Amino acid sequence: MQVSFYGRLGELIGRKIDHPSVPTVAQLRTSLATSFPDAADLLLGDKIKIAIDDRLVAHDSILSGSEQVDFFPPLSGG
């Protein structure tokens, strides 16, 4: 599955990676946090936004493995 990261997450992990399929967004977050410990606080935080195929989803959403998943960290500024 293709996973893209924006903002601080993109700086810590990279803009786009291929990741093995997992059944849920929650499992994807946990797997990514294990693989990228410097980004774990952001990946597992409550304020992170996740989109599947350009649609915001809940953190417990089901994945089929063929989606484009995007992670958006909290934003600040004016």
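1. The largest nonpolar core of this predicted model has 21 residues; a nonpolar core here is a set of buried Ala, Val, Leu, Ile, Met, Phe, Trp, Tyr and Cys residues joined through side-chain atoms within 4.5 Å. Buried means under 20% relative accessible area, exposed over 50%, and partly exposed in between (1.4 Å probe, protein chains only). Val3, Phe5, Leu28, Leu43 and Phe71 have the most contacts inside the core. At least two of its residues come from each of strand 1, helix 1 (8–13), helix 2, helix 3, strand 3 and strand 5. Helix 2 gives the largest share, four residues. Helices (H or I, at least four residues) and strands (E, at least two) are DSSP runs, numbered from the N terminus.

2. On the basis of the model: it is predicted, local features need pLDDT of at least 70, side-chain atom pairs count only at pLDDT 80 or more, and totals for chains, interfaces and linings use all residues. Residues are numbered from 1 along each chain as its sequence is written, and side-chain values use heavy atoms, with hydrogens and water left out.

3. Helix 2 spans residues 25–35, and its buried residues are Val25, Leu28, Arg29, Leu32 and Ala33. These residues lie on the same side of helix 2 because they cover an arc of only 130° around the axis, the arc being that of the directions from the helix axis to the C-beta atoms. Their cover includes strand 1 (2–5), strand 2 (16–18), helix 3 (40–44), strand 3 (49–52), strand 4 (55–57) and strand 5 (68–72).

4. Leaving aside neighbours within four places in sequence, Leu43 is in contact (heavy atoms within 4.5 Å) with Phe5, Leu9, Ile13, Arg29, Leu32, Ala33, Phe36, Ile48 and Phe71.

5. Strand 3 has two pairings to note; two strands pair if DSSP finds at least two bridges between them. With strand 5, strand 3 pairs in the antiparallel sense over four bridges, and Phe71 in strand 5 is the bridge partner of Ile50. With strand 4, strand 3 pairs in the antiparallel sense over three bridges, and Leu56 in strand 4 is the bridge partner of Ala51. Strands 3 and 4 form a hairpin with two residues between them, and Asp53 in the turn has a positive phi of about 50°.

6. Leu12 is found in helix 1 and counts as partly exposed because its relative accessibility is 28%. Not counting residues up to four places away in sequence, Leu12 touches Asp38, Ala39 and Leu42. Leu12 and Asp38 are 26 residues apart in sequence, yet 7.0 Å apart in space, C-alpha to C-alpha.
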